[in-house]
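This report looks at pairs of oppositely charged side chains. The sequence and structure come first, and the text follows.

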Amino acid sequence: MDRQQTLENLKGEAQAFDVVVIGGGITGAGVAREAAGSGLKTLLVEQKDFAWGTSSRSSKMVHGGLRYLASGHIGLTRDAVRERERMMQEAPGLVDPLPFLMPHYKGNFPGPGLFQVLLAMYDRLAGTRSHQKYTPAETLNWVPGLNINNLRASSRFTDAVTDDARLVQRLIAEATRDGALCLNYVTATAINRDSDGKVSGLRLNPEEASAQGEITVLTRCVINATGAWADRLQKQSATDNPLTIRPLRGSHLVIPWQKLPVTCAVSLMHPDDRRPVFAFPWAGATVLGTTDLEHAEDLNQEPAITAGEVDYLLQIATRLFPGANIERADVLSTWAGVRPVVTDGEGKAPSRENREHAIRQDKGLISIAGGKLTTFRQMARQALAMALGDQQEERLRSDAQPVFTTTPKDHKPDDIPALTWHRLGGYYGPARQAVLNNRDVTEIPGTGLLWAELEWACEKEQVLHLDDLMLRRTRLGLILPDGAASLLPEIRNRCQSLLGWDDARWQQEQERYLTTYRKAYQLPMGEDARNA
């Protein structure tokens, strides 16, 4: 069933759902996947695009968080590293191991001895052993060009990396395969309640409202997984235990890999605030990140990096790789994400805030926020368990059930590189072969992406706007110069008819995408920006 048919069916006689999820980021997609996998009739709606918010703008790390372990959050770290191991086993090609290297310079904290103790605890929680200590000479074998002045030693350990937007898309596909209806660009406008104040339904407004009009669905359970917006929806209902969200911005720079060729993540405590900052390989480029600052801007607008954050990240690049001479002109793109941190209001520094999630319940409205990308499955199951109450044991599927359907071991075509075949298995799971069938499997120049993937996205993945395709279904806008502007004519030739857009619509979408790119994914421009 396509999107239009789904909306028309919902517009008819009000349909009843066991669970309606508001929010199409990692948490909401995880809830929909667990709910549908448990046999619950499930609807997910997202006011913008799937993963539009934090879940396409994270640091791409699937990790337990050494920083949380060091600050005493052992339970959070244990749960996260075990989920990390599980995801690598279930979704190779989507969640893959990534070596991390921490150089230890004289006079800097932590030293190699203490850090090795911390890593031993980290590995023990995960049930693996990956940490190692290297001499300065051995360190250069791993990271050529690293600054070795006053380097005492380095520590290596293993976490994992993903494409967060594709992770969300894979969860949406898994939920849909199990019967969930998942719709982007549909806004939840109001929660209906009965005379006792209990949730009875939800009013929805699709972007195509002029054609569809408002839609009402029936449900006794609404799960509010709207991230940084979660407290706004919750506060529409009277409650004595509100969520308080503190939006914190984390920004990143994307550098050509040839300019900064790293094969592992390299971390260093920033001299300004002692926060860990990373340089790591991702999508054929190198990423520098992240910052941790208050975000006071409108949450409905695309967050963007500031000039001060650019300087902050370039400073650490110069310290780590003085010979690389990384400058503003080298930056391919940027991204900034807003973390929905649940705060107790005690005025802590941003990096000191607790990253654990919180859940609230109000007569059928379950609100969940905070947490980590890595622990989305546990968060989803806890929210559903609260929603189901006494029925949870009989209706919620076993904790041992896999999140990701196993990818068939199809024969690799000769014209597909092994690494691409591996990635396709992670991104698309059982649909991998269908993505390639009767489509162009040549590689887009300068990327590891296939033209077939763009065609598949246009046909199967609810691309309503060009920025959906360029920034989230694929990352062409992040990894190619100028937002891949020079590639847009060829993309138009291949994708316009698949999307059903006339020439005027294509031009409108191209202008929208390029405007978005320049405002939120490019270096801040102008003298005022540089002095911000």
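How many salt bridges does the structure hold? The structure holds 41 salt bridges, a salt bridge being a side-chain nitrogen of Lys or Arg within 4 Å of a carboxyl oxygen of Asp or Glu. This is a predicted model, in which local features need pLDDT of at least 70, side-chain atom pairs count only at pLDDT 80 or more, and totals for chains, interfaces and linings use all residues. Residues are numbered from 1 along each chain as its sequence is written, and side-chain values use heavy atoms, with hydrogens and water left out.

| Salt bridge | Closest N and O atoms |
|---|---|
| Arg472 and Asp49 | 2.7 Å |
| Asp440 and Arg494 | 2.9 Å |

Arg472 pairs with Asp49. Arg472 is in helix H16 (residues 466-473), while Asp49 is in the loop between strand S3 (42-45) and strand S4 (61-62), 423 residues apart. Helices (H or I, at least four residues) and strands (E, at least two) are DSSP runs, numbered from the N terminus. Arg472 and Asp49 are both buried, where buried means under 20% relative accessible area, exposed over 50%, and partly exposed in between (1.4 Å probe, protein chains only).

Glu214 counts as partly exposed because its relative accessibility is 41%. Arg203, at 30%, also counts as partly exposed.

Asp440 forms a salt bridge with Arg494. Asp440 lies in the loop between helix H14 (432-436) and helix H15 (451-460) and Arg494 in helix H18 (residues 488-499), so this pair ties together parts 54 residues apart in sequence.
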